[in-house]
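Thank you all for coming; I would like to walk you through one structure, beginning with a single residue and then widening the view. Please have a look at it on the screen before I go on.

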Amino acid sequence: MDVIDLEQRRREAEGPAPEYATCPCGEAWFELLATPDKPGAVCMNPDGSITGYAGTPHCIGCGERYVAR
Ligand SMILES: [Zn+2]
């Protein structure tokens with residue numbers, strides 16, 4: 001009888017963690033929502049890459065607030 005290590009299989013299926021932020025649900029896109037004192041806004045380099053933000057990032061997939069790890 002073969003013994004299947006489910007934890008090992010799950011780790012292999014997930015692969016290496018991406019270098020960008022992801023939600024626990026797997027989504028990589030976030031919506032910036034305003035806080036009472038700040039709008040949802042970004043700060044950018046001239047090429048449009050984002051260097052900072054105000055507001056709180058929420059997953060567009062499940063709506064959960066992103067928590068930095
Ligand atoms: Zn999510």
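If we set aside its neighbours within four places in sequence, Pro39 is in contact with Ala34, Ala54 and Gly55, where contact means that the C-beta atoms of two residues, placed from the backbone, lie within 7 Å. Before I continue, please note that this is a predicted model, in which local features need pLDDT of at least 70 and side-chain atom pairs count only at pLDDT 80 or more, while totals for chains, interfaces and linings use all residues. Residues are numbered from 1 along each chain as its sequence is written.

Pro39 and Ala54 are 15 residues apart in sequence, and 6.5 Å separate them in space, C-alpha to C-alpha. Pro39 itself sits in the loop between strand S1 (30–33) and S2, strands being DSSP runs of E with at least two residues and helices runs of H or I with at least four, numbered from the N terminus. Is Pro39 buried or exposed? Pro39 is exposed, because 10 other C-beta atoms lie within 10 Å, and the cut-offs are 12 or fewer for exposed, 20 or more for buried, and partly exposed in between, with C-beta atoms placed from the backbone.

Turning to the strands, S2 (residues 41–44) runs antiparallel to S3, joined to it by 4 bridges, where pairing requires at least two bridges found by DSSP. Val42 stands opposite Tyr53 in S3, and the hairpin of S2 and S3 has 5 residues between the strands, with Gly48 in the turn showing a positive phi of about 95 degrees. Of the 5 residues of S3 (residues 50–54), the number buried is 0, so S3 lies largely in the open.
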